[in-house]
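User: Hey, I'm new to this one. Can you walk me through it?

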Amino acid sequence: SIEPPAHVAARFGSTDKVLVIQRLRHIRGEPFTLLTIYLPDRVARKVGRKALEKLPAVMAIEQAGLYLARTEQSISAQAADEQAASALGLPIGAPLIFMTSLFSDRDDQPLALLEGQCRRRGELGGGRPRRERRHDCSRVHLAAPRHHARIPRTDDADRPHAGGLSH
């Protein structure tokens, strides 16, 4: 466990220690995504190192009995820093897609922050270019436990959405 970087402490609302896990995802044998996962120490202790080594972090958290009630996600573009460039086999400054997901429980306490730095594979969607896309998802208590409802944000208020969609 380490002291959290400033941006993680701000997202967690705490300077308590965090466990950091880094994973490199590949597609067709080539590095594609550098994933950094930050878990508050209290979550990491409950989930356990063995589960985190064997399972995707979100699955390990849920199997430990912690309920992921809300997710705040954003997608933006950024330039590759030295670490990301080295891991992904790109030059420093190469364009990357940067994705973050902040997972919280029913009491809005943070459970995990996932940051993915991805190589570009063509263009994202169509329409007008955007520098950042954000949305929040909260679980809807229906018969199936994994249904989520999108919560419109002010920057998405003019975009159509349907409650109960799975994200």
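User: Which residue's side chain meets Arg-70 in a salt bridge?
Analyst: Asp-108, at 3.5 Å, N to O. A salt bridge here is a side-chain nitrogen of Lys or Arg within 4 Å of a carboxyl oxygen of Asp or Glu. The pair links distant parts of the chain, with Asp-108 in the loop between β4 (95-104) and β5 and Arg-70 in strand β3, 38 residues apart. Strands are DSSP E runs of at least two residues, and helices are H or I runs of at least four, numbered from the N terminus.

User: Is Glu-72 buried or exposed?
Analyst: Buried, at 16% relative accessibility. Buried means under 20% relative accessible area, exposed over 50%, partly exposed in between (1.4 Å probe, protein chains only). Glu-72 also forms a salt bridge with Arg-11, the closest N and O atoms being 3.4 Å apart.

User: What does Val-43 touch?
Analyst: Ile-61, Leu-66, Pro-110 and Leu-111, leaving out residues up to four places away in sequence. Touching means heavy atoms within 4.5 Å.

User: And where is confidence lowest?
Analyst: In strand β7 (residues 148-151), at a mean of 48. Where pLDDT is low, the predicted coordinates should not be read in detail.

How values were computed: Residues are numbered from 1 along each chain as its sequence is written. This is a predicted model: local features need pLDDT of at least 70, side-chain atom pairs count only at pLDDT 80 or more; totals for chains, interfaces and linings use all residues. Side-chain values use heavy atoms; hydrogens and water are left out. pLDDT is the predictor's confidence in each residue, from 0 to 100.
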